[in-house]
Amino acid sequence: MFLSLAWRNIWRNPRRTAVILAAVVIGVWCMVFLGALMRGMMVEMVDNGIATLTGHLQIHRKGYQSDPVIENSMRDPGPASKALQDSLPAGSHWTARVRVNAVANNARHNAGVTLVGIDPACEAKVSFIGHAVAQGQYLKPDDDYGIVVGQALLEKFETKLGHKLILMSQDTGRQIASRAFRIRGVFHAQQRATEKQFVFVTKAAAQDMLKLGSGISELSALLPEAASPQKAADRLRGELPGAYEVLTWPQLLPLIKLYLGMMDSFVVIWYVVVFVAMGFGIVNTTLMAVFERIREYGLLKSLGLKPWGIIKGVMAESFFLLLIGAALGNALGLATVWALSYHGIDLSALAQGAEFFGMGRVIYPEAHIKDILTANLVVFILGLVVCLYPAVKAARFTPVEALAHT
Amino acid sequence: MSIDLRMAWRNLWRNPRRTLLTMSAIAFACVLLVFMLSWQFGSYETMINTAVKVQTGHLHVEAADYQDRQDMRLVIKDPQAVTKMVQAAPGVEAYTVRANSFALVSSQERTYGILVVGIDPAREAKVSTLKSIVRQGSFLEPGDHEGALVGRLLAQNLQVKLGDELTVLGQGRDGSIAALVLKVRGIYSSGMDDFDRSSIQMGLQAFQDAFTMEGAAHQVVAICQSLEEVAGAKAYMAAHLPPQKDPGLTVLDWKQLMPGLLQGIEMDLVSGIIFYIILLVVVTFSILNTFLMSILERTHEFGVLMAMGAKPGRLGRLVVMESLAMNLLGVGAGMIMGALITWYFQVQGIDLGAQELMAQYGIVGRIYPRLSWLSLLSGPAVVFVMTLLAALYPTRRLWKLRPVEAMNYA
Amino acid sequence: MPIVQCDHVNKTYRQGNIQVRALREVSLEVDKGGFVALSGPSGSGKTTLLNIIGGLDLADSGAVVVDGESLEQMSQTQLAEMRLQKVGFVFQAYNLVPVLSALENVEFVMLLQGVPTDERRKRARAILDAVGLEGRHDRRPRELSGGQQQRVAVARAIVSNPAIVLADEPTANLDSKTGQGLLEMMRQMNQERGVTFIFSTHDQMVMDFARRLVIIRDGQVVDDRVKG
């Protein structure tokens with residue numbers, strides 16, 4: 001009875017209700033959609049970061065993170081491998097890498113690169129490189145002189161598949177080691193910077209060239225989706241002696257972590273800003289509805305309705321208004337996300353700009369429960385709070401002044 | 001004041017609560033836009049200035065294709081001819097000559113492949129901030145043939161300190177081996193990680209000798225008195241380039257030198273504008289009801305005025321004047337508040353607390369929003385137009401009104 | 001020369017699904033300087049007739065001529081112009097613009113007519129004095145009594161020298177003493193300025209004041225007499 005009265009009251013002035021609903025619907029729609037867009041951007045950024053030779057967690061010899069040079073490599077990866085084997089959840093993949101700074105040369109050009117020695121089979125399950133080779137072929141395990149380079153590097157060096165590329169780096173004896181490789185494959189990455197930075201050879205080739213023996217720079221692991229990198233890292237720390245450091249991706253990618261934090265607060269600020277914009281409308285409309293019905297409230301009061309009853313009535317109206325608006329807004333928002341999630345939003349026109357901000361070339365919006373809940377909570381809680389003002393106003397009219405009002 | 005105006009003004013305050021709320025919504029949108037646009041423009045300016053001051057300068061004269069290929073054989077054969085011309089260009093404040101080569105740089109402990117830059121110390125100090133960001137040791141003296149400047153991060157990576165030796169091994173312009181030993185004279189820190197770990201600076205003369213440049217250089221870098229002067233200076237330089245064949249010379253401005261920065265700014269601006277449009281649409285719908293209601297609830301009154309012979313256009317004018325007053329008050333208040341808030345932060349600066357992150361984008365230290373006519377006026381102007389449209393929309397009703405029905409309207 | 005001529009006027013309203021014949025074949029002439037009361041029970045059609053004469057509403061058929069101008073072919077804009085120049089209205093509920101003072105309410109009509117400011121002010125003050133509102137020119141409607149508000153309404157109706165003033169139940173909201181004062185004032189305006197008044201009313205006092213009484217019932221004129 002009380003709710004149905006509120007419901008009917010909303011539709012006493014359908015046009016007014018429609019206009020304020022439009023404001024709420026557009027507001028919620030944009031909150032949901034833009035929230036998903038930003039979440040998509042963040043997820044993309046994180047995924048990209050994790051796939052670009054980071055993984056969910058890494059094990060290094062202690063000190064490697066702050067000074068990633070060959071002296072700080074793990075001489076014997078055995079214990080760390082075993083720890084991974086023992087404590088990572090089923091479905092995890094990991095791989096060992098050699099990673100050093102190097103200089104790449106050919107007859108005409110030279111540039112600084114990161115030389116990565118990989119175990120081709122294991123690596124393919126952990127990082128992007130396994131499915132990124134667009135020309136030629138991926139490394140074979142026994143290929144001691146093959147190298148896979150990025151498209152951008154290939155262009156910069158004015159070279160092509162099958163040609164030679166010489167790599168120079170410091171070996172464990174602090175001598176300059178150099179070796180000529182042949183370009184077997186060319187990979188494409190989300191960012192040109194990645195294509196310019198990394199060159200891949202087999203782990204054995206790198207170890208041989210750098211006189212590393214069976215040493216490696218890092219072990220990188222990818223966990224199944226549901227597993228928590230933090231927990232896995234804690235378990236690993238328990239198993240490994242202090243000579244190792246176990247780092248999770250937020251520690252490995254501190255900038256991305258910072259960026260995520262900033263985006264998170266930005267999303268909430270944006271929600272509140274949009275809410276304020278529609279909040280003025282909600283208060284105003286409710287206030288108008290209340291003032292139009294002063295006589296009615298007077299009558300109800302003289303019939304014995306308590307002020308609290310009136311407050312409840314007004315709040316119920318606002319609640320319905322918010323409910324319809326939020327329902328439609330969420331539906332539209334999710335529909336937009338769904339429509340765009342297949343092909344994504346292509347930023348190729350601004351590719352360099354996107355790269356500048358560390359984003360991929362295509363953004364796929366992703367609706368996360370958390371974001372949608374936050375948006376709706378902001379709308380409902382703040383919506384009801386601001387409607388307290390007209391509600392209390394309505395409850396304060398004394399029957400006599402209400403009935404005298406024309 | 002005419003009766004029309006007085007009527008509009010008094011009508012405005014018939015429902016002061018509603019009017020104030022509506023004006024607040026308008027003002028809110030204006031404050032937000034003024035502040036956010038000032039913020040964006042301010043940070044862009046900082047980003048551009050930092051990048052320009054630390055690295056690229058406003059204009060480069062260099063061999064065609066050098067920018068893309070960074071091939072050390074693409075040189076300016078006669079730097080003097082170019083600097084003479086650059087000096088004469090209008091708006092140019094200072095210029096310097098640079099030569100670059102990629103080389104292996106080793107300390108006793110470590111070896112890194114990095115960019116070695118030959119600079120003219122006296123001129124460089126006037127073009128870039130390099131001299132002022134030397135935190136340890138000193139800047140290069142003119143004629144110092146074995147001194148080098150090293151970025152803070154690179155020094156860390158190489159494990160060198162002031163006075164330590166660096167061995168540089170590279171390839172000369174003619175393909176010969178270039179080898180030399182340098183001493184660390186100064187360690188600088190720009191706050192931009194990339195810059196601080198990717199290059200060392202040495203004297204131009206010594207560079208030219210070691211890399212068999214035969215007097216050639218790679219870039220003549222010019223800085224203009226202001227960003228506005230760049231286009232003019234560029235046009236002059238392009239028209240007066242000294243003849244050089246194979247490769248020819250070209251002039252590049254900062255936008256061409258840092259396409260990523262420009263596109264990044266464009267992207268930030270575009271996404272900002274999308275946010276603002278959405279916000280404005282929500283605000284517009286939010287205040288549309290006020291205008292709708294103020295016409296609906298006066299239907300009876302309009303009927304009477306029509307009976308007296310007032311035509312819809314006349315009543316429309318009245319209503320529009322009313323909404324215009326509300327609009328102008330809201331926009332005005334919003335602009336004043338927006339300007340004050342922006343101005344406060346323009347003086348105080350804003351600390352986002354994410355220094356490492358901002359440094360990535362060339363923002364070192366606080367962000368200072370920059371109030372300009374553009375940031376002050378453009379947002380509120382759009383708010384004004386949208387509000388005006390929201391106010392005009394319900395006036396259509398006046399033309400459908402018939403006096404008798406209007407007077408019977410409850 | 002009659003100032004208002006209605007010839008076989010018919011008007012039918014739709015009220016929901018019901019057709020209401022408000023006026024049937026009504027013919028009526030009012031001479032210049034007349035002081036005429038249209039009377040009859042509620043729903044008899046007197047207000048409709050008043051609205052049609054005033055150009056607020058159009059007849060379905062029949063001819064209406066006001067001050068030599070035929071209304072049936074006029075557009076809404078032309079009707080508005082006609083009302084502005086030739087017709088003054090007085091309503092039962094006064095219907096003053098609440099945000100304007102008495103003086104401004106009166107000025108407003110002249111503003112619409114484009115009368116220059118000085119003349120407007122002078123004429124408005126004179127007419128307000130004439131209707132007995134000396135010293136109350138700057139009051140807002142809510143600061144005036146019902147009788148005073150209705151005097152402002154009359155002043156507003158006659159200030160532009162219209163051909164006719166149409167008054168719809170002008171005394172219905174007033175007590176009899178105030179009503180009588182108002183009627184005396186209107187009669188005075190009629191006699192001194194020659195303004196034609198047509199009332200719709202069921203107030204006996206108005207009928208007594210009127211020099212001609214037209215009785216309408218069920219949309220038809222059933223009686224029309226000129227009193228001594």
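**Stop by stop**

Start with chains A and B: of the two pairs of chains that touch, this one has the most contacts, a contact being heavy atoms within 4.5 Å. Bear in mind that this is a predicted model, where local features need pLDDT of at least 70 and side-chain atom pairs pLDDT 80 or more, while totals for chains, interfaces and linings use all residues. Residues are numbered from 1 along each chain as its sequence is written, chains are lettered from A and ligands numbered from 1 in the order written, and side-chain values use heavy atoms, without hydrogens or water.

Now show chains A and C. They don't touch, and their nearest C-alpha atoms sit 12 Å apart.

Next, select chains B and C. Here 22 residues of chain B contact 27 residues of chain C. Together the two chains bury about 2300 Å², 66% of it on carbon and sulfur atoms (accessible area, 1.4 Å probe, lost on being put together and summed over both parts). Pick out Ile3(B), Arg10(B) and Met308(B): they supply 30% of the area chain B buries against chain C, more than any other three residues.

Which residue of chain C does the side chain of Arg10(B) meet in a salt bridge? Zoom in on Glu104(C), with N to O at 2.5 Å. The count between chains B and C is three salt bridges (a Lys or Arg side-chain nitrogen within 4 Å of an Asp or Glu carboxyl oxygen).
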